[in-house]
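Visitor: I would like to know what stands behind the terms used for this structure. Please set each value against its cut-off.

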Amino acid sequence: MTQTSQRRSLWRFSRDERTLVLGSLLNSMAFFAALPFAALYLADRTELSAAGIGAVVGGIALIAAFGGLLSGMVADRFGAVRLMRWGLLLNVVVYSALALASAPAAIVSLFLSLGVARTMVEPSMKKLLSLSDTGDGRIFRVRYITLCMGAIVGPAVGGVLFHVGPAAFFLAPAAFFALYLSVVAVRGAELTRLETSSRSTSPVPWTDALRDRHLIAAIGAGAVVFLIMAQMDTSIPLYMKGAYGDRTEYLFASLLVLNAALALAVQPPVIWLSERLPWGPLVTLGCVFFAVAFVCVWLGTTNVVLLYVAIVFWTLGEAILLPLPDVAVHSLAADDRKGAYFGLSELRYLGFFVGPVLGGALLDLSAPAYFAVMGAAVFLCVPLLLRSFKEEPRPQA
C-alpha cells in the first residue's frame, strides 16, 4: 500500500462502489443480527460443551475457509455476480429453515450450512470490491466501516429478538439477505460489466497463488486476527455468562453496539495513524490494544465498567488490524486472479474455527490460562503482516 500526494475522500464513491457498499452493509447487518448470538443460542437449545459449541460456530468459518479457493476460482472463470446470487439465495433459505428448526441435530446442520453460503458470497464480493477500487485499497477500509454500521443495527435487532423466539430471531437476517439479493439482481448487469475485462479464460492460477509467499503471510496474519476476533463471538460471552447469568444477552448486545459505534468514531485518528506510522509500530500498537482489552475483560466480572473499558481498547485494535490483510491481498493480486487470491485468502477463516475451539478448551481449563494465551497470541500477526507488505515500504508523511 502506497501513499499519494492527493488522497481521495473516503466518502466519495462511484456508482458501482455505492452498490457494493450497500450490499456490504446489508451483509454485515445480517451477520451481526444472528451469528454473535449463536453460542448462546446453541447453549440454550443443545447439550453441547463450551468446546463443542465453539466447534460448531467455528465450523462455519472452517467450511468457508476451505471452500474459498474453489469459489474464488469459479468467480474468476464464470463470474462473481452469478455466484453471489446463489450464495445469497442459500443464506435466505438456511436462515428461514433455522426459524422453524427445533431438533438439535437440525440446528447444528443448518448453522454449518451457513459456511457454504458464506463461501459463495465473500470471495466474490471482495473481488468486485477490489475491481471497483481506485488502486489504494481504500474500499476495504470503507468495507470495515460498513461492518461497524451493521454491527450497530445487527446486535440491536438480535438482542431484542433473541428472547422473542426463533422465528423472529432468524427471519431478520433472512430479510437482510433477501434485500441484498434484490440489490444484486437489480444492478447485476452493471456489476457484471465491472468484472468482464478481468474474467479469466486460461487455467485459474491457484498454484501461482500458493507460491506467493507474501500472500501466504497475509493469510497467516488474517488467521491470527480472526482467531482473536472469534473470542468475542464465543468464549467471551460464555465467560460473561458465568458472572451475569440471564443479563448476559443484553449486556453483550450493548457491548457489541458500543464496539460498532466506537469503530466509526475512531476512524479519523486510525486513518491518520495508518497513513503516517511505519508498518511495525502500527501493527504492534494494534496488538497492544487487544492485549489490554483481554486484561480488562478478565477483570470485568468484578466490575462491569471494565467490560466497557475493554471494548474501547478492543475497538482500537480491531480498527487498526482488521482491514490490513484484505488491503495486502488487494495490492498483491492482478485483476484476472483476484477471485483466486481472495478465495485462497479465505483460509484465514481457519482462525475463526481454531479460535472458538481453542478458546473454549482453555476457558474450560482455566480462565487465567485463557486470557494469558489470547493476550500473547495476537502478537503473532506482527511478523506476518510485515512480511506481506515487505516490498511496499511506508513513506513518512
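Visitor: Why are α5 and α16 called oblique to each other?
Guide: The model is predicted, with pLDDT of at least 70 required for local features and 80 or more for side-chain atom pairs, while totals for chains, interfaces and linings use all residues. Residues are numbered from 1 along each chain as its sequence is written, and side-chain values use heavy atoms, without hydrogens or water. The axes of α5 (residues 104–132) and α16 (residues 338–345) cross at roughly 130° and come within 9 Å. Axes are lines fitted to C-alpha atoms, for helices over the stretch in contact, with angles from 0 to 180 degrees between N-to-C directions. Under 35 degrees counts as roughly parallel, over 145 as roughly antiparallel, 65 to 115 as roughly perpendicular, and the rest as oblique. The pair α5 and α16 is therefore oblique.

Visitor: What is the handedness of the crossing of α5 and α16?
Guide: The crossing of α5 and α16 is right-handed. That term applies if the near helix is turned clockwise from the far one by less than a right angle, and left-handed if anticlockwise.

Visitor: Which residues make the contact between α5 and α16?
Guide: Pro-123, Lys-126, Lys-127, Ser-130 and Leu-131 come from α5, and Lys-338, Gly-339, Phe-342 and Gly-343 from α16. Contact means heavy atoms within 4.5 Å. These residues divide into three nonpolar, three polar and three charged. Ala, Val, Leu, Ile, Met, Phe, Trp, Tyr, Cys and Pro count as nonpolar, Asp, Glu, Lys and Arg as charged, and the others, Gly among them, as polar.

Visitor: Why are α9 and α17 also called oblique?
Guide: The axes of α9 (residues 213–229) and α17 (residues 350–365) cross at roughly 40° and come within 7 Å. By the angle classes, α9 and α17 are therefore oblique to each other. The contact joins Ala-223, Phe-226, Leu-227 and Met-229 of α9 to Gly-351, Phe-352, Val-354 and Gly-355 of α17. Six of the residues in this contact are nonpolar, two are polar and none is charged.

Visitor: What makes Met-229 count as buried?
Guide: Buried means under 20% relative accessible area, exposed over 50%, and partly exposed in between (1.4 Å probe, protein chains only). Met-229 has 12% relative accessibility and therefore counts as buried. Not counting residues up to four places away in sequence, Met-229 touches Phe-290, Trp-314, Glu-318, Leu-322 and Phe-352.

Visitor: Is Gly-280 buried or exposed, and why?
Guide: Gly-280 has a relative accessible area of 19%, so Gly-280 is buried. Gly-280 lies in α13 (residues 279–299). Its C-alpha atom is separated by 6.7 Å from that of Leu-386, 106 residues apart along the chain.

Visitor: Why is Thr-19 called buried?
Guide: Thr-19 is buried because its relative accessible area is 10%. Thr-19 is found in α1 (residues 15–34). Leaving aside neighbours within four places in sequence, Thr-19 is in contact with Val-183, Arg-187 and Leu-191.

Visitor: What makes a set of residues a nonpolar core?
Guide: The residues must be buried Ala, Val, Leu, Ile, Met, Phe, Trp, Tyr or Cys, joined through side-chain atoms within 4.5 Å. The largest nonpolar core here has 134 residues, and Tyr-95 and Trp-314 are among those with the most contacts inside it.

Visitor: How many helices and strands are there in the protein?
Guide: The protein has 19 helices and zero strands. Helices (H or I, at least four residues) and strands (E, at least two) are DSSP runs, numbered from the N terminus.
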